Amino acid sequence: MKQDQCLIDVRDLRTYFFLDEGTVRAVDGVEFKIWHGQTLGVVGESGCGKSITARSILRIVPKPGRIVSGEIILYRRVGGNGNGQIDEIMLTELDPAGPVMRSIRGDEIALVPQEPMASLSPVHTIGNQIGEAIMLHQGVDKHVARAKAVEMLDLAGFPKPNERVDSYPHQLSGGLRQRAVIAMALSCHPSLLIADEPTTALDVTTEAQILRLMRSLQGELGMAIMYITHNLGVVAQMCEDVIVMYMGKVVEEGSVDALFHSPLHPYTKALLRSIPKLGQKRRGQRLESIRGSVPDPYTIPKGCSFHPRCTQRIRGVCDQAPPPWLEVEPGHKVRCVLYGG
């Protein structure tokens, strides 16, 4: 793809947490790109650095964490019809609380959090909270902001948006709260929507509705989506490309088709084997699981961090040196010594 189609370029990103017990390398050398209009899935077990990667892009890493090295570049189009000049903005050099980053956060890049009740103010109406974001980024008065909030709630599939705009979060169901958060995130038509496990707390029917809504809004608004999840079924439905993370590193990257039909990394293969499949009888058999657990973040194993759980590990190799990052097929990369020649 052409460089002017790139939206976000993450280069060797390292975000560490400095605690009394030691240093947690939550994100440790992550690299990937997000293109305009792309849906990129980010998968892995809990504690693998998915959410901290997203928070690093938004520059909202909680203390005592901070970005220690690496670059995050936003390619922002200036001019109409997408044919104008491309501005390169180095997000890692901006003050997280400064005016430039505050103007980007919520406008160019928006977040749909995992749990809306933890993100919405319980003492303000949905309309007030959406309207605040609109007034902040678009400079309109509260009457125009309210009208736009109603419009976004309607776009997000809210029933009776003119009435529900004055509802408080506790007066809404889980599905409607999630729709309200999506409406807020999309209120300024961002170029990138980061969805951090937005359907985890929802039932499967509501989850399907939210996923269809996001796909529909993506087609209508032309935005890119970074979809963070541990559900590979959602990845197959939503995404075009995938990165698999383990212990703060990207261990595999490729298209959805490549990942599901020819996975390379033993961790990816183990994740796929643990998915129940319709139509397959498993009499007396248990679903496969990945043995062991994610290592203690203070004592990450030497060499490949997955080798203590890996059934294909090579003694004296996998436990000694970090594995190389290899492109096995065009666009399909893996971090593993099994493909080193």
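**A covered strand and its sheet**

Analyst: From strand β7, L192, I194 and D196 point one way and L193 and A195 the other way, and all are buried. Buried here means under 20% relative accessible area, with exposed over 50% and partly exposed in between (1.4 Å probe, protein chains only). This is a predicted model, in which local features need pLDDT of at least 70 and side-chain atom pairs pLDDT 80 or more, while totals for chains, interfaces and linings use all residues. Residues are numbered from 1 along each chain as its sequence is written, and side-chain values use heavy atoms, without hydrogens and water.

User: How many residues of β7 are buried?

Analyst: Five of its five residues are buried, and β7 is therefore described as mostly covered. Helices (H or I, at least four residues) and strands (E, at least two) are DSSP runs numbered from the N terminus. The chain has ten helices and twelve strands.

User: Which strands pair with β7, and in what sense?

Analyst: Two strands pair if DSSP finds at least two bridges between them. β6 and β7 are parallel and share four bridges, and I109 has L192 of β7 as its bridge partner. β7 also runs parallel to strand β8 (residues 224-229), to which five bridges join it.

User: How many aromatic pairs does a search of the whole structure find?

Analyst: Rings of Phe, Tyr and Trp (its six-membered ring) pair if their centres lie within 6.5 Å; planes under 30 degrees apart count as stacked, over 60 as edge-to-face and the rest as tilted. The search finds four such pairs. One of them joins Y246 and F306, which are edge-to-face at 5.2 Å centre to centre, with 85° between the planes. Y246 belongs to strand β9 (residues 241-246) and F306 to the loop between α10 (266-273) and β11 (325-329), so the pair ties together parts that are 60 residues apart in sequence.

User: Are Y246 and F306 buried or exposed?

Analyst: Y246 is buried, at a relative accessible area of 1%, and F306 is buried at 3%. Together with Y267, these two residues form one aromatic cluster.

**Backbone exceptions**

User: Which peptide bond is cis, and where is its proline?

Analyst: The bond from K63 to P64 is cis, with omega near 10°. P64 is in the loop between α1 (50-58) and β4 (65-78).

User: What is the phi of R59 and of H189?

Analyst: R59 is not a glycine, yet its phi is positive, about 60°. R59 is found in the loop between α1 and β4 and is buried, at 14% relative accessibility. H189, likewise no glycine, has a positive phi of about 50° and sits in the loop between α6 and β7.

**The whole chain**

User: What fraction of the chain is buried?

Analyst: Buried residues make up 46% of the 341 residues. Among contacts with a separation of 6 or more, 62% come from residues 24 or more positions apart. The C-alpha atoms fill a box of roughly 65 × 50 × 45 Å along the principal axes.

Definitions and conventions
Contact means heavy atoms within 4.5 Å.
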